[in-house]
Amino acid sequence: EGSPRVLLYAHYDVQPAADDQGWTSDPWTATTKDDGRVYGRGAADDKSGLAMHYATIAQLAANPPCHIQVLVEGEEETISHLEEFVEKNPDRFRFDVAVIADVGPQAVNRPAITTAMRGDVSCTITVSTLSAPVHSGLFGGAAPDAMTAMIRILAGLHDENGDTVIPGVTGEAWPGAEMDEAIYRQGSAILDGVDYLGTGSLSDRVWSKPSVTVIGMDVPSVAEGGNVLIPSVKARLSLRIAPGVDPEGQLTALMDHLRAQTPWNCKVEVERVKAGSNFKADVSAPAIGDAEAALAEIYGKEVERIGSGGSIPLVASLLKCSPQASVVLWGAQDTEHARIHASDESVDPAELERMIASQVLLLHRLGEAAAG
């Protein structure tokens, strides 16, 4: 009685694993390789989180030091219904501390807590110039094709340095640990000789500044392309927004900017897809201090405060139900080698063991603080 309610969250759904990704082992069979890591789709994202919670409960079930709630879902990698469910049933989601095991450190044996995440807002843009496809030889040169108009619009989303430049879309300098460039280069798979996008530190660019990406486009393939002017083209844009800014406001800024771009008076339609919330932790909260102390004790090393360029919109929904609660973001998904969402995804079992021990210790600390 009187101990805090601690909610443990992870998800069990995973990304696809298409043959053309280039897996070197069966993605659907957990495979331990010579480096000791376990390979397979979801090994890190987020079966590792499930393993952390399962092991934590197994350690504590006989004599739990605090109230433990467990929340797992199977839609995190798509457009989840869980946020809506949480917000419609707030009484089921009252807690003091949420432990979200769906991120990780920069590298194994390098303890870190994630104190901020970018949000993810997205929309589609349809550009139309003709009522029907027409012969590019007979009509090209005066009649504009939609593909060229779309390219001009999309090219204006970045400046010559690669920074995202959309009026009203803002970012800031990262206040915590620096992103390790060697780890970033390894994890990002950037080709030798290819320049980084943007300006500022790597930490700024991937953790606290906006980044817009064209993630899909409906156009004829090279094999299907003919000598015609394309009448209409549709693209989907994802904008990663800085921690602490208003997602709806940033999405509106993006959509308004796109609607204003009309080369050759082309017709532009923009439709909302989603506004995924960002997150910025209150690092002065006692639970954050307890989490850092637990990591420091288990690892015997200084703990980094890092960010995440990815998003977990559920965090914002949970905090609507328990606005005074603290959120601890950590896990075993190391940036250097985990390769989440890519081929040869993997997790280090030793890192997973250390994180389980840290989580068990955190829950003991939370219970002891309440009792003391």
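Reply: Two strands count as paired if DSSP finds at least two bridges between them. This is a predicted model, and the pairings below are read from it.

In the model, strand E3 (residues 38-39) and E16 run antiparallel and are joined by 2 bridges. Tyr 39 has Ser 346 of E16 as its bridge partner. Both strands belong to an open sheet of 3 strands, ordered E2-E3-E16, with antiparallel pairing. Strand E2 (31-32) and strand E16 (346-347) are at the edges; each has a single partner strand, so one side of each is left without a neighbour in the sheet.

Another open sheet has 4 strands in the order E9-E11-E7-E12, and its pairing is antiparallel. Its edge strands, E9 (211-218) and E12 (267-276), each pair on one side only. On average, neighbouring strands of this sheet are turned by 20 degrees against each other, direction ignored. Within the sheet, strand E7 (residues 119-128) pairs with E12 in the antiparallel sense over 9 bridges. Cys 123 has Arg 272 in E12 as its bridge partner.

Helix H7 (residues 247-259) lies across E7, strand E11 (232-241) and E12. The helix runs at about 165 degrees to E12.

Strand E4 covers residues 67-73 and includes Val 72. With a relative accessible area of 39%, Val 72 is partly exposed. Together with Tyr 12, Ile 57 and Val 70, Val 72 makes a nonpolar surface patch of about 330 Å².

Methods: Residues numbered from 1 in each chain as written. Predicted model: local features only at pLDDT ≥ 70, side-chain atom pairs only at ≥ 80, totals over all residues. Heavy atoms only, no water. Patch = residues over 30% accessible without salt bridge, like charges linked within 9 Å, V, L, I, M, F, W, Y side chains within 5 Å. Areas by Shrake-Rupley, 256 points an atom, 1.4 Å probe, with all protein chains shown as cover. Salt bridge = Lys/Arg side-chain N within 4 Å of Asp/Glu carboxyl O. Buried < 20%, exposed > 50% of the residue type's maximum accessible area, 1.4 Å probe, protein only. Axes fitted to C-alpha atoms, helices over the stretch in contact; angles between N-to-C directions. Contact = heavy atoms within 4.5 Å.
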